[in-house]
Amino acid sequence: MDRQTALETVKANIKNQNLIKHMIATEAIMRALAKHFGEDEEEWGIAGLLHDIDLDCVGDDMTVHGRVSAEMAKKAGANEAMVHAILCHNETLGIERLNNFDKALYCADPLTGLITAAALVRPEKKLAFVEAKSVAKRFKEKSFAAGANREQIASCRELGLELNEFIELGLKAMQGVAEELGL
């Protein structure tokens, strides 16, 4: 599966433009993590792009979210490693994260929301003006971007990354796709 096919699949299944942007941001962070760890950037990126592809059809039902995404991704051509990472990104399913690929998607997913919120509170509303240290400061404010699960983001330590290092990597990755994100 290539990125164009994955993106077309996302756009065919997701109508919410902000959700599509979240998935693109997750893709960017996953690609940066793959590069950092010397892994397959395309594979990791596409898993990030597809991970929430089921949200328009499952809504708020977290008991099936991820399972349906994994099935949709597999049908679109995702490999088993991608399917497993997508499955275990939703902790509610109780599927063990077995490797760095799985752990990366799990911690990258909520980081996009924290970084996006940090951009949107700035007067320019642009990622180019966001600094990693300000995102790290906002991380400590539980009411800021409250939906961005801090424990899940902090699980980057399971990858051997310190929180500040992970935030900087994620911010740079999202800055690289800022135009596509509208930020």
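## Aromatic rings

Rings of Phe, Tyr and Trp (its six-membered ring) count as a pair if their centres lie within 6.5 Å; planes under 30 degrees apart are called stacked, over 60 edge-to-face, and the rest tilted. The structure is a predicted model, in which local features need pLDDT of at least 70 and side-chain atom pairs count only at pLDDT 80 or more, while totals for chains, interfaces and linings use all residues. Residues are numbered from 1 along each chain as its sequence is written, and side-chain values use heavy atoms, with hydrogens and water left out.

By the pairing rule there are two aromatic pairs. The rings of phenylalanine 37 and tryptophan 44 have centres 6.5 Å apart and planes at 40 degrees, so this pair is tilted. Tryptophan 44 also pairs with phenylalanine 101, and here the rings are stacked, at 5.1 Å centre to centre with 5 degrees between the planes. This second pair links distant parts of the chain: tryptophan 44 belongs to helix H3 (residues 41-50) and phenylalanine 101 to helix H7 (residues 100-120), 57 residues apart. Helices here are DSSP runs (H or I, at least four residues), numbered from the N terminus. Phe37, Trp44 and Phe101 form one aromatic cluster.

Phenylalanine 37 is partly exposed because its relative accessibility is 23%. Tryptophan 44, at 2%, counts as buried, and phenylalanine 101 is buried too.

## Charges over rings

A charge sits over a ring if NZ of Lys or CZ of Arg is within 6 Å of the ring centre and within 35 degrees of the ring normal. The charged end of arginine 97 is placed in this way over tyrosine 106, 3.6 Å from the ring centre. Lysine 142 lies over the face of phenylalanine 139, 5.6 Å from the centre of that ring.

## Arginine 31

Helix H2 (residues 17-37) contains arginine 31. Leaving aside residues up to four places away in sequence, arginine 31 is in contact (heavy atoms within 4.5 Å) with Arg3, Glu41, Glu42, Gly45 and Ile46. A polar atom of the arginine 31 side chain lies 3.4 Å from the backbone oxygen of glutamate 41. Between arginine 31 and valine 68 there are 23 Å in space, C-alpha to C-alpha, and 37 residues in sequence.

Technical notes:
Helices (H or I, at least four residues) and strands (E, at least two) are DSSP runs, numbered from the N terminus. A polar contact is a pair of N or O atoms within 3.5 Å; within protein, one must be able to donate a hydrogen and the other to accept it, and residues adjacent in sequence count only if both atoms are side-chain atoms. Buried means under 20% relative accessible area, exposed over 50%, partly exposed in between (1.4 Å probe, protein chains only).
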